[in-house]
Amino acid sequence: MSEGQKPVEERGAMGEPARLTDPTERLYYRDSFLREFDARVISCEREGERWKIVLDRTAFYPTSGGQPYDTGKLGDVPVIEVADADHKVVHYASAAIAVGTVHGVIDWPRRIEHMQQHTGQHLLSAVFLRELHAPTVSFHLGESISTIDLACAPPAYHSLERVERIANEIIAEDRPVTTRSASRGEAEAMLAAGELRKLPDREGSIRLIEIADCDRNACGGTHVRSTGQIGGLLVRGVEKVTRGVRIEFACGLRAVSTARTDAAIVSETAALLSIPGPELPQAVRRLQGDAKAGARERQKLREELAVFHGAGLASEASVENGLRLVVRAWKDRDRDYVRLLASRTAAALPGTAVIFSAQEVTPSRVYIARSKDLGFDCGRMLKEALANIGLRGGGSPDLAQGDVPIDQEQALVASLADTVRRSVAHT
């Protein structure tokens, strides 16, 4: 600890109490807008391909509570990651730094974007709670996407619009965003009175972030000084998740960039369809309807083709001892068609058994089918044959299937053909 430096409380994402062993004064707690600072290097140790650096004071924010770490430079050395490790703020750098005084510079565009997203999250969570009684259960601030998970059913579109509008009205009012500390007892009283959204299960002083007449929340992250500095908030999407719904949002310049990207996608898609952007939903619904109708028509044609194809295969097969056995391998047909063809070939003429293999992809898939007048069980027969070589498969008495490596396919087909002939001969 440098001369004259006072111990400071370290608080994480929820404003936890002091860690007395922390050797680093965390400057970002006092001033999240501090971009440059001087510090003393306490230690610098190699860890794999990078260096771990501990300072006596730092403005670099470590990953915590959903907010990513800061980057920047210590002297001329890039800081590539910052983390809380062993009760210390550890700066990971690409090169060593000599013990002594060093000048640190924060990557400000990255920091201010994180501050906008984080304060925007506080605001959005507060409005969702007040307007829809939907509490936030988790928060994620990513490189390009930020999300909150709400414990509620999927909100209606008009409710999302209302929440977004109210949040942006509060941003336009440029309300103060302030930071203060409260004792554990005071914070518990606030929680009981409904004046605090949540409280960490920790003892000691609690760091509170307050948005005037809107929200008060325990938090150890970096924040803007007023809602106007959030710069705008865009609710971009909703996804159902296990605990409720996930809301994707963006603030500030990220919101502008996101909106521009979305607009470009809409514009390009509309140009491809030669229609105005507002007509896209109707056009997509029409295309979906056409695609479904086309799929039905293709399936009908495949069915007709399989019946015709199967009848030809069955009629070409010779009859021995009352059995018409059709064995074929297909390299240029998909599995679904080969399965359909096996079924239709077996049904084409009495006394017909089919063993087909689809070789379009590996492993090969073997199908065995029979006409209704034959008495053997395809499912049981294939299951037993595959089990003999350590594989699994099966199906119904009329049609069964199983996968087999290409180098074992020929032997399996031959075994099945022999079993079918013996089964029919014994009936």
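Which residues are linked with Arg180 in a network of salt bridges? In this predicted model, the network joins Arg180 to Glu186, Glu195, Glu210 and Arg216.

## Salt bridges

Side chains of opposite charge can pair when their charged atoms come close. A search of the whole structure finds 28 salt bridges, and one of the pairs is formed by Glu186 and Arg180, whose closest N and O atoms are 3.2 Å apart. Glu186 counts as partly exposed, because its relative accessibility is 34%, and Arg180, at 31% relative accessibility, also counts as partly exposed.

Two further salt bridges can be followed along the chain. The side chains of Arg344 and Glu303 meet with a distance of 2.5 Å from N to O; since Arg344 lies in helix H7 and Glu303 in helix H6, this pair ties together parts that are 41 residues apart in sequence. Asp398 forms a salt bridge with Lys372, with the closest N and O atoms 2.6 Å apart. Here Asp398 belongs to the loop between strand S20 (393-395) and S21, while Lys372 belongs to the loop between S19 and helix H8 (378-387), so the pair ties together parts that are 26 residues apart in sequence. Of these two residues, Asp398 counts as partly exposed at 25% relative accessibility, whereas Lys372 counts as exposed at 68%.

## Helix H7

Helix H7, which covers residues 335-348, has 14 residues and reaches 20 Å from its first C-alpha to its last, close to the 20 Å expected at 1.5 Å a residue. At its N-terminal end the helix is capped by Asp334, a side-chain oxygen of which lies 3.1 Å from the backbone nitrogen of Asp336.

The buried residues of H7 are Arg335, Tyr337, Val338, Leu340, Leu341, Ala342, Thr345 and Ala346. These buried residues pack against helix H6 (280-316) and against strands S17 (323-330), S18 (352-358), S19 (364-370) and S21 (399-404). By contrast, Arg344 is partly exposed, with a relative accessible area of 25%.

## A four-stranded sheet

Elsewhere in the model, four strands form an open sheet in the order S9-S10-S15-S14, and their pairing is antiparallel. Strand S9 (136-141) and strand S14 (233-241) are the edge strands, each pairing on one side only, and the twist averages 20° from one strand to the next.

S14 and strand S15 (residues 244-251) pair in the antiparallel sense over eight bridges, and Val235 stands opposite Phe249 in S15. Helix H2 (residues 108-132) packs on the sheet, where it touches S9, strand S10 (146-150), S14 and S15, and its direction makes about 135° with that of S15. Helix H3 (residues 157-172) also packs on the sheet, touching S14 and S15, and the direction of H3 makes about 145° with that of S14.

Methods:
Residues are numbered from 1 along each chain as its sequence is written. This is a predicted model: local features need pLDDT of at least 70, side-chain atom pairs count only at pLDDT 80 or more; totals for chains, interfaces and linings use all residues. Side-chain values use heavy atoms; hydrogens and water are left out. Two strands pair if DSSP finds at least two bridges between them. Helices (H or I, at least four residues) and strands (E, at least two) are DSSP runs, numbered from the N terminus. Axes are lines fitted to C-alpha atoms, for helices over the stretch in contact, and angles run from 0 to 180 degrees between N-to-C directions. Contact means heavy atoms within 4.5 Å. The expected span of a helix is 1.5 Å times one less than its number of residues. Buried means under 20% relative accessible area, exposed over 50%, partly exposed in between (1.4 Å probe, protein chains only). A polar contact is a pair of N or O atoms within 3.5 Å; within protein, one must be able to donate a hydrogen and the other to accept it, and residues adjacent in sequence count only if both atoms are side-chain atoms. A salt bridge is a side-chain nitrogen of Lys or Arg within 4 Å of a carboxyl oxygen of Asp or Glu.
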